[in-house]
Amino acid sequence: MNSDDILVRASGLRKSFGDVHAVNGVDLNIAAGEIYGLVGSDGAGKTTTMRLLVGALLPTNGEASICGYSVKNQVEQARAQIGYLSQRFSLYEDLTVLENIRFFAEMRGLKPDEWHPRSLEILEFVGLAKFQHRRAGQLSGGMKQKLGLASALVTRPRVLLLDEPTTGVDPVTRQDFWQLIIQLVSAKDSGVSVIISTPYMDEAARCHRIGFMQKGEIIVEGTPGQLRNMLNQRILELRGSPLPLLKNISAQNAGVEDVRSFGDRLHLRVKDGQSESVIKELEQTIPAGGGNFLGARPIASTLEDVFIYLSEREHEPA
Amino acid sequence: MNLPEPVIVVDHLTRRFGDFVAVNAITFEVQPGEIIGYLGPNGSGKTTTFRMLLGLLTPSEGNASVLGYDVYRQAEQVRARVGYMSQKFAIYDDLTVWENLQFYGGVYGITDKARIEETAALVGLADQRTVLTRDLSVGWRQRLALGIALVHNPRLLFLDEPTSGVDPTARRAFWDLIYGLAETGVTILVTTHYMDEAEYCHRVAMMRDGNLLALDTPLALKDLFIPGKVWELYAEPLLNGLHALADLPGVIRSSLSGDHLRVIAESRLSENELKNALEQANVVLTSIQLGEPTLEDVFLNLARN
């Protein structure tokens with residue numbers, strides 16, 4: 001990853017719709033070769049941020065640029081650097097795979113002698129070359145997704161913006177999709193950045209860096225490891241029975257912030273530094289309350305734990 | 001001690017479409033209050049199985065009973081007692097939350113206002129009864145869809161990808177509801193494409209090509225279907241490392257995971273052998289450690305072999 005090559009910059013980016021501050025001061029510095037994950041609850045501002053970067057919306061305030069081109073006054077040049085895939089992308093069901101790509105390629109300005117070799121290369125990359133003459137309407141959901149990705153890549157964009165691209169997509173396709181994205185940014189001299197918004201934490205975990213959005217701002221940013229470290233030693237796994245009783249007893253412990261069910265066990269989030277004391281206390285209070293204590297131990301925190309923790313925190317605007 | 005009656009009993013259940021065997025003599029049982037995850041690639045026979053269990057499709061061979069009723073001969077009774085939640089269900093955007101619950105309640109013969117109120121409260125929508133459905137966020141829409149499936153007080157629920165596209169907080173709130181229901185003895189079958197979510201289930205069923213490959217706890221499935229170790233390696237250049245390891249005998253699967261490699265290898269393969277393979281390909285290894293197998297690993301193994 002060449003961090004001298006910042007492809008996506010945003011500084012104090014804002015977008016308001018009347019009183020609603022959908023994007024409320026976002027800063028971004030995304031380098032070539034980076035996969036940046038944008039996560040956050042529905043309504044946090046992820047899609048609006050993407051639409052600002054694509055130039056579909058004008059910012060109310062602040063700046064953003066793609067490969068050095070401002071999205072405010074050089075929007076055509078900025079757009080030419082971008083490939084965009086959203087959940088609502090549409091394909092022409094009656095056209096073949098190849099005809100669909102051709103349509104998108106020519107619409108984006110690829111010349112007659114360019115679109116064909118370029119399209120075949122891309123279809124090969126996503127694994128759809130064999131199906132180039134099949135009508136798009138006859139593709140499986142997963143293959144449609146790959147065609148969407150191919151269409152976004154046909155112009156060799158330097159920045160790929162993916163807005164929840166794998167919602168509702170089966171795990172095999174999702175895995176294939178991710179392998180393609182990672183290959184794209186890992187190739188030597190690829191010079192491509194990817195910004196992906198996703199509600200799936202296992203996908204966020206595959207990004208190089210994650211920005212957690214809340215109320216239009218990025219409140220935490222870091223690598224998956226850095227984010228997970230926020231709750232280092234603060235997640236406990238508790239086993240025993242009956243679970244509803246254990247849940248109650250744990251919730252009443254002053255050192256426990258959050259309790260949730262996880263299959264046949266409970267996960268507890270405890271206050272910083274209180275892991276051991278909480279375990280010792282539960283060893284007493286659970287049997288005292290009529291329950292059976294089988295064991296408790298700290299476990300690795302997940303991005304989901306961090307997401308829920310950050311969502312629950314009172315957020316003070318800067 | 002009286003053993004509880006199983007809620008679902010499936011015995012060599014089979015469904016053919018012409019020569020194509022969509023569901024191939026599957027057999028299993030589900031106990032009351034269990035949350036069963038039902039997974040499988042597209043085309044594995046999941047949906048066909050569900051449709052038979054819901055009394056919507058006639059089996060070609062074999063039997064199944066749901067809540068004590070035979071799915072073929074007593075389909076009406078099955079359908080009246082089972083709740084089904086699917087994204088493909090029409091929730092009327094022009095109606096309010098209350099009106100949607102009332103409408104679907106009516107479909108099941110529930111006209112009792114108290115029951116509708118109870119259902120709204122159960123899914124957390126008591127304060128939003130007059131909100132127009134189109135104004136609900138994705139997370140709340142899911143809750144309404146669940147409410148609609150619950151209005152007639154079913155003891156068995158089928159949830160078809162219930163939290164697709166929903167963020168973790170909303171998903172967790174939804175699952176708190178599901179766990180609450182299971183604690184009252186409601187049995188739940190859920191399909192999902194989100195492997196992390198499958199880990200929340202008590203047991204998970206894996207289907208492929210019409211066959212039921214396994215039905216067991218997430219832990220047991222990982223033990224059974226991950227025949228080796230999971231390694232996480234940080235190496236440069238990444239793609240060269242990926243290919244070098246993919247070719248190494250004993251490696252079951254080699255894949256990219258963001259900024260590192262995830263390799264599933266037979267237990268006999270040592271750390272040193274992996275290191276050597278990378279060295280020979282001029283790949284620099286910065287760190288290597290053992291990782292935890294996930295249900296995604298299980299799924300991919302089954303889906304591809």
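I8(B) sits across from V66(B), a residue of strand β4 in chain B. That pairing belongs to a stretch where β1 (residues 8-17) and β4 (residues 61-66) of chain B run antiparallel, joined by five bridges. Keep in mind that this is a predicted model.

**The four-stranded sheet in chain B**

- β1 and β4 are part of an open sheet of four strands, ordered β2-β1-β4-β5 in chain B, and the pairing is antiparallel.
- The edges belong to β2 (20-30) and β5 (69-70) of chain B; each has a single partner strand, so one side of each is left without a neighbour in the sheet.
- Helix α1 (residues 46-53) of chain B packs on this sheet and touches β1, β2 and β4 of chain B.
- The direction of α1 makes about 120° with that of β1(B).

**The six-stranded sheet in chain A**

- Over in chain A, six strands line up as β6-β7-β8-β3-β9-β10 in an open sheet with mixed pairing.
- β6 (82-86) and β10 (217-222) of chain A take the edge places; each has a single partner strand, so one side of each has no neighbour in the sheet.
- On average, neighbouring strands of this sheet are turned by 15° against each other, direction ignored.
- Helix α5 (residues 141-153) of chain A packs on the sheet, where it touches β6 and β7 (159-163) of chain A.
- The direction of α5 makes about 160° with that of β6(A).
- Strands β3 (residues 35-40) and β8 (residues 193-197) of chain A pair in the parallel sense, with four bridges.
- Within that pair, L38(A) stands opposite S197(A) of β8(A).

**I195(A), a residue of β8**

- Strand β8 of chain A is also where you'll find I195(A).
- Is I195(A) buried or exposed? It has 2% relative accessibility, so it counts as buried.
- Leaving out residues up to four places away in sequence, I195(A) touches V8(A), I30(A), Y36(A), M50(A), L53(A), L160(A), L161(A) and L162(A).
- I195(A) and E34(A) are 161 residues apart in sequence, yet their C-alpha atoms are 8.3 Å apart in space.

**A helix pair in chain A**

- Helix α5(A) also has a helix partner: its axis and that of α4 (residues 112-126) of chain A come within 9 Å and cross at roughly 140°.
- The crossing of α4(A) and α5(A) is right-handed.
- On the α4(A) side, the contact is made by R118(A), I122(A), L123(A), F125(A) and V126(A).
- On the α5(A) side, K146(A), L147(A), L149(A), A150(A) and L153(A) take part.

**Chain B as a whole**

- Chain B has 11 helices and 14 strands.
- Its C-alpha atoms fill a box of roughly 75 × 45 × 45 Å, taken along the principal axes.
- Of its 305 residues, 54% count as buried.
- Take the contacts in chain B between residues at least 6 apart in sequence: 67% of them join residues at least 24 apart.

**Strand β9 of chain B and its partners**

- Five of the six residues of β9 (residues 203-208) of chain B are buried, so this strand is largely enclosed by the rest of the structure.
- β9(B) pairs in the parallel sense with strand β3 (residues 35-39) of chain B, over four bridges.
- In that pairing, L39(B) is opposite M206(B) of β9(B).
- β9(B) also pairs with β10 (residues 211-216) of chain B, this time antiparallel and over five bridges.
- M207(B) has L212(B) in β10(B) as its bridge partner.
- The hairpin of β9(B) and β10(B) has two residues between its strands, and D209(B) takes a positive phi near 50° there.

**A helix pair in chain B**

- The axes of α9 (residues 238-246) and α10 (residues 271-280) of chain B come within 9 Å and cross at roughly 125°.
- α9(B) and α10(B) are therefore oblique to each other, and their crossing is right-handed.
- G241(B), A244(B) and L245(B) of α9(B) meet L274(B), A277(B) and L278(B) of α10(B).

- R171(B) lies in helix α6 (residues 168-183) of chain B.
- With 0% relative accessibility, R171(B) counts as buried.
- Its side chain reaches the backbone oxygen of V166(B) at 2.8 Å.
- Neighbours within four places in sequence aside, R171(B) is in contact with P199(A), Y200(A) and E304(A), and also with T163(B), V166(B), Y194(B) and E197(B).

How values were computed
Residues numbered from 1 in each chain as written. Chains lettered and ligands numbered in written order. Predicted model: local features only at pLDDT ≥ 70, side-chain atom pairs only at ≥ 80, totals over all residues. Heavy atoms only, no water. Pairing = 2+ DSSP bridges. Axes fitted to C-alpha atoms, helices over the stretch in contact; angles between N-to-C directions. Contact = heavy atoms within 4.5 Å. Buried < 20%, exposed > 50% of the residue type's maximum accessible area, 1.4 Å probe, protein only. Polar contact = N/O pair within 3.5 Å; in protein donor to acceptor, adjacent residues only side chain to side chain. Left-handed = near helix turned anticlockwise from the far one by under 90°. Parallel < 35°, antiparallel > 145°, perpendicular 65-115°, else oblique.
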